[in-house]
Amino acid sequence: MAHRYDSGMSLPELRPLTLEDLPAVAALHQRSQRADRVPQVLMLEELEEELDDDHVVFRTDTRAAILDGRLAGYAYTYHLPSDVREERCYVFGTVDPDARRKGVGAALMRWGLERGAAQLRSSGRDLPRFLRTDQKDDVVGAHALFAHVGMQPVRYMEELLRPLTELPALPVLEGVTIVPWPEGRDEEIRNEKNLAFADHWGSTPTSAHHWHQLLHGFGSRLDLSFIAVDDAGVVVAHCVNKRFEADDELLGRSDAWIDSLGTLAQWRGRGIASALIAHSLHAFLAAGCTHAAIGVDSENPTGAALLYRRLGFEPVLRSITHELVVD
């Protein structure tokens, strides 16, 4: 099948987003999710939090696509500065289902890649630089567009699910204790997280701002989260969990998410991650949830995908990350 993105049609007007646009953007995104059978509901509060960031400047880093006088799509770039391993900039956004195949997505992607490349080059750091985006694997039009603009698939991410039945027992570990998420230790745990993810593909150190957003922002449930400490009380692993009630009606179930799970390299192979998951599953059930969900890179070097399957998780959705190298 031929894919045509420039066919003589009138091109959309691109302009920066404004705060006043966000309710319409959230509604557009929800329509897109339904059309693409993405089992999530992007809430306005969630979108506002995502864009309330030092790394997203509305004037330079966002665009609304206006076609025939109405909002037809949007995009923004999300640059993650780093001084180790690599620098990356993501291009996020979507097109209203009624405005697809009209050049809107192509115009937004061209803008996003140009803006993202400029952001990456502006850092002045001598690190590998990548533009990335991702989409559910069966959204064929999006993947055709990514190929059209020169991006290549580089990674496959799976979402796994298990019902909260036949839960694993809570193990007793030698030299390690699983405890509820503590107050006042966020920065200490951030340092552990950054060390634990140092060998993960595409990972760069999480800033204090983004860590605070992860722990205390939309969907955060630190009351359902845990850490692992050694006999001296030092943090050796973490498990940050979340809950998105707005998805329940769409899904017909109540999912709790294992959002960030990591163990220091020297502590792996001792059952700590399994113990953190077991504690999480029991907490989810006690909180009234029916299922647990987790995401995993299919090539995760820690063997996480196999571990999750042994704990009863099964794949329900896959997304593909596409990449463009910036010279």
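β1 and strand β2 (residues 62–67) pair up antiparallel, with three bridges between them; pairing here needs at least two DSSP bridges. Across from Arg 15 you'll find Ala 64 in β2. Helices (H or I, at least four residues) and strands (E, at least two) are DSSP runs, numbered from the N terminus.

Quick housekeeping: this is a predicted model, where local features need pLDDT of at least 70, side-chain atom pairs count only at pLDDT 80 or more, and totals for chains, interfaces and linings use all residues. Residues are numbered from 1 along each chain as its sequence is written, and side-chain values use heavy atoms, with hydrogens and water left out.

## The whole sheet

The open sheet has 12 strands with mixed pairing, ordered β1-β2-β3-β4-β5-β12-β6-β11-β10-β9-β8-β7. Its edges are β1 (13–15) and β7 (176–180), each pairing on one side only.

## Helices on the sheet

Helix α5 (residues 140–148) lies across β5 (129–136) and β12 (314–326), at about 160° to β5. Angles run from 0 to 180 degrees between N-to-C directions, with axes fitted to C-alpha atoms (for helices, over the stretch in contact). Helix α7 (residues 208–216) also packs on the sheet, touching β3 (70–80), β9 (235–243) and β10 (255–263); contact means heavy atoms within 4.5 Å.

## α6 meets α7

The axes of helix α6 (residues 186–196) and α7 come within 11 Å and cross at roughly 105°. That makes α6 roughly perpendicular to α7, a label covering 65 to 115 degrees. From α6, Asp 186, Glu 187, Ile 189, Arg 190 and Lys 193 meet Ala 208, Trp 211, Leu 215 and His 216 in α7.

Notes: Angles under 35 degrees count as roughly parallel, over 145 as roughly antiparallel, 65 to 115 as roughly perpendicular and the rest as oblique.
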